[in-house]
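Please open the model in a viewer and keep the selection panel at hand. The stops below say what to select and what is to be found there.

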Amino acid sequence: MSTASYCPNTPEEVREMLAATGASSIDDLFRPIPPGLRARSFELPAGMSEFEMLHRFETLAGKNAQHLSHFVGGGYYDHLIPAVVDHLAGRAEFYTAYTPYQPECSQGTLQALFEYQTAICRLTGMEVSNASLYDGGTALAEAAMMALRITGRNRLVIDGAVNPFHREIVRTYLANLDVELVEIGPKLGMEDDLRLRATIDDATAAVLVQNPNFFGSVSDFRRLAADAHAAGALLVVSAYPVALGIVESPGAMGADIVVGDGQSLGNPLSFGGPSFGFIASRKEYIRNLPGRIIGETVDKNGQRGFVLTLQAREQHIKRHKATSNICSNQSLCALRGLIFLSSLGKQGLVELARLNYDKAEYAKKTLGNLGGVEVMNGGATFNEFTVCLPKIAEEVVTALLRKGVAAGVPLSPYYPEMERCMVVTVTEKRTKDEIDTLARHLEGILCS
Amino acid sequence: MQLIYEKSVPGRRGVRLPASDVPAAPELPAALRRQEPAALPEASELDVVRHFTGLSRRNYSVDTNFYPLGSCTMKYNAKALEEAAKLFAPYHPMVPLLPHGSSFSQGCLGLAYELGAALAEITGMDEVTTQPLAGAHGEMTGIMLIAAYHEAKGNKKKYVVVPDSSHGTNPASAAMVGYEIITVPTAPYGDMNLDKFREVMTDEVAAVMMTCPNTLGLFNPHIQEICDIAHDHDALMYYDGANLNAILGKVRPGDVGFDVIHLNLHKTFGTPHGGGGPGSGPVGVKKQLVPFLPSPRIVKYDDGCYGVDAPAHGSIGRTAGFFGNFGVMAKAFAYITMLGRDGLIQVSEQAVLNANYVMSKLKDVYDLPYDQTCMHECVFSAARQVKNEVHAIDIAKFLIDRGYHPPTVYFPLIVKEAIMIEPTETESKETLDAFIAVMREAAELAGTDPAAFAEMPRTMPVTRLDETKAAREQNVCYFGC
């Protein structure tokens, strides 16, 4: 056998095995397939060794621009990843394991996910968490559907300052269902959430907001939460976990369901995936949570152990009546998130958030001092902010990209009326030099 | 083993962050400022390393144990795949979405596009989107595409038809998209009951979701007829690609008449399962569904460059953040690149041989409700052992003690006390022989000392766990220190 397909059996062994099955040949084993249904084509290149493959992949990766200075976010952030994350999550006992359906031989994964759920609850100020979802956008869509189930209502209000990709995912998920989705036009800064609050009515299942929002603004949602609750609606908050080092938790602001993307917790950019989505809620809604949940229990000797629990919500038991069709979690990515949070620790996350905040504040001030550049956020921001330029933002970003700086995300594709605006992201990885270089290049382009 | 929170010591620090090179900014306003830092673990780096290394040793995994888990295709995950994916770790997915940004992401866009093209050839489809993040996500995306197709044609559709042997995700995914479900029973020979199928097929059926080979590991010889009947009602045929490992290079669902397919790259294409994810669930479609594919869509221009297309008018929109679970896609493309055409054909041949070998060596001691040549997996029943009060779950626990991850038990639901074995092609005859011997031992023990099973497993960190207590108490978060 060729070792390239990782099939170990020798021709002699294959003969012995065929004899045991009573088949005369490999082809004979495929006799249940009618000849007319055989593949009409299978044109693929010949295989190669891992060395040749890796050489080819290195060349391919090299076709991406190298060493861009990233001031772009859009829901994905360029953060530091401690070496322990790769090393521990890279243990094959974690990454080559399956879903922990057999708990006795899966306590490693199960306990880690229980610890993950605990970390998410503590970060978000919620009481229960599942074992992770696909990503932040799909988690928001799942939260929307969860709110519809809990309230039995069919109207949702979503803030226009929620990440436009996430709003699009919510729209896609709801497109075929009998649900009214009301999108409130963006209001930079959210200092005035009156329009959002005025849209809540007795048919509203939930209000969906993001903190910090897509423009980088950090808001206090306490009044919104109070209004939503008074109308019998839920408040769903999409949160950025690194910000939760210094920004008040959604739970403390009155959120009922909290979601977000865990990429920034120890998962590389990797061109947009894999990461994980998290979802957490108040305990009373636990039976409406989608996806897998790990619970604590004891074994026959009274010793603590962990199992997949409340599986009666899930598709493999409930089929079409399940809370969601989800049949996996992003286990390994969630594990990376847990290792990341454990290695940074309680104080480390505060410091990380503080670094992001300080660097972004420095960049905000530096860019804001350039002639013609206006910072649009009225109130506080975290590690992103929105600037309005005297020129079309797309043209400016294009010009800066040629200089090796991904300066920000121009807003016109998502908010056509904001063609001179862009969102600038500054994580802890950006140095003062990079920020100053961005300002210098930007000034040069604006003056030209 | 203690939780990491129980090992926490106030004031202990782990990884150190870089010093700030900018002035400290004024604090956030009080209303926005976090009052209490989140109670995350306080541990040294070595504490963290010992903790997670310790946890990892409380797992079975493909690298440590044989994993004949039916329906899950737990094949060996080649180490080179991990190296391949790491090469793409630093690239930001927003870059190609910036104006003129795609020229800065040619490597990543190229990989995603060429993977899609290879998967289209492998499945006989016209185009593939890599956006769905897992198999079930692909199913939902596929059904959304079907809904968009019917809506564009003005078809009034209400139902999705599934066989009773289907994966639970099939009806659940269709329900997520608002369809009602019609379930068709299995005929005595293991295929969908054709008469019943004809009865339920009306013009109100939007799609028929099939797995072929089905979850019994059997290839349905009537599959083309089923496709024809569905198409007569303008219902589309959906192929659940979970079992594609059985037919690589042998059958292409697109040739047979399927219109939509999802793949599980973490099953067929050798990427690791990660303890439950991340997966990747690309969806392939025939031409008539291409206009509805999710955005953003990666395209290849005549000059050989890759780009991101503006959303098509009919697109269902985004189903996930960016271009899919790219890291998983990179591994799958590395796998396809290494195996090549002949290697992939060898995969299905050896997978089917291994499954039939195990089946032939065990069918005298376990009931085999559908005794036919199987494809990549075979489904036994512990019905014979149940007469002695030994259930499929007991045999599973026996296997754990002997160092094997158990097969899938109690699925498919249509087989009582099901034991579903999928050895995969990467296991050697020696491994299979040892497993067969242990399975035979279990059958024998069920006859001689059935009571012995109650105490199993005994070699693991915990014995059998009280699942009722877990569901009743709902302790899903640690409330201690």
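## A sheet in chain A

Begin with strand β15 of chain A, residues 421-425, which is joined to β12(A) by five bridges, the two strands running antiparallel. The model on display is a predicted one. Within this pair, select A:C388 and A:C421: the former stands opposite the latter, which belongs to β15(A).

Now widen the selection to the whole sheet. The sheet is open and has four strands in the order β11-β12-β15-β14 of chain A, paired in antiparallel fashion. Its edges are β11 (374-375) and β14 (409-410) of chain A; each has a single partner strand, so one side of each lacks a neighbour in the sheet.

## The two domains of chain A

Next, colour chain A by domain. Domain 1 covers 69-79 + 348-447, and domain 2 covers 83-339. Their C-alpha centres are 28 Å apart.

How much area do domain 1 of chain A and domain 2 of chain A bury between them? The figure is about 2,400 Å², with 68% of it on carbon and sulfur atoms. Select A:Y76, A:F382 and A:Y415 next: these residues supply 29% of the area that domain 1 of chain A buries against domain 2 of chain A, more than any other three residues.

The polar side of this interface can be displayed as well. Between domain 1 of chain A and domain 2 of chain A there are 14 residue pairs in polar contact, both members at pLDDT 80 or more, while the count of salt bridges is zero.

Select A:R282 and A:D256, which form a salt bridge whose closest N and O atoms are 3.5 Å apart. The two residues are 26 residues apart and link distant parts of the chain: A:R282 lies in the loop between β8 (277-281) and β9 (294-298) of chain A, and A:D256 in the loop between β6 (234-239) and β7 (257-261) of chain A. Over all chains, the whole structure has 47 salt bridges.

## The two domains of chain B

Move to chain B, where the assignment gives domain 1 as 80-337 and domain 2 as 348-467. The C-alpha centres of these two domains of chain B are separated by 31 Å. The contact involves 23 residues from domain 1 of chain B and 19 residues from domain 2 of chain B.

The buried area between domain 1 and domain 2 of chain B is about 1,500 Å², and carbon and sulfur atoms give 59% of it. How many salt bridges cross the interface of domain 1 of chain B and domain 2 of chain B? There is one salt bridge across this interface. Select B:E349 and B:K250 to see a salt bridge with its closest N and O atoms 2.7 Å apart. Six residue pairs in polar contact also cross between domain 1 and domain 2 of chain B, both residues being at pLDDT 80 or more. The side of domain 1 of chain B that touches domain 2 of chain B comprises 11 nonpolar, 10 polar and two charged residues.

## Where the chains meet

For the last stop, show both chains together. In this contact, 188 residues of chain A meet 205 residues of chain B. Chain A and chain B bury about 17,000 Å² between them, of which 64% comes from carbon and sulfur atoms. Select A:F42, A:R122 and A:F271, the residues of chain A that lose the most area to chain B, together 6% of what that side buries.

Seven salt bridges are counted between chain A and chain B. Select A:K359 and B:D21, which form a salt bridge with the closest N and O atoms 3.0 Å apart. The interface of chain A and chain B also has 94 residue pairs in polar contact, both at pLDDT 80 or more.

Finally, return to α12(A), which gives the largest share of the side of chain A that touches chain B, 24 residues. That side of chain A has 92 nonpolar, 56 polar and 40 charged residues.

Conventions
Residues are numbered from 1 along each chain as its sequence is written. Chains are lettered from A and ligands numbered from 1 in the order in which they are written. This is a predicted model: local features need pLDDT of at least 70, side-chain atom pairs count only at pLDDT 80 or more; totals for chains, interfaces and linings use all residues. Side-chain values use heavy atoms; hydrogens and water are left out. Domain bounds come from an automatic or database domain assignment. Buried area is the accessible area (1.4 Å probe) that two parts lose on being put together, summed over both. A salt bridge is a side-chain nitrogen of Lys or Arg within 4 Å of a carboxyl oxygen of Asp or Glu. A polar contact is a pair of N or O atoms within 3.5 Å; within protein, one must be able to donate a hydrogen and the other to accept it, and residues adjacent in sequence count only if both atoms are side-chain atoms. Two strands pair if DSSP finds at least two bridges between them. Contact means heavy atoms within 4.5 Å. Ala, Val, Leu, Ile, Met, Phe, Trp, Tyr, Cys and Pro count as nonpolar, Asp, Glu, Lys and Arg as charged, and the others, Gly among them, as polar.
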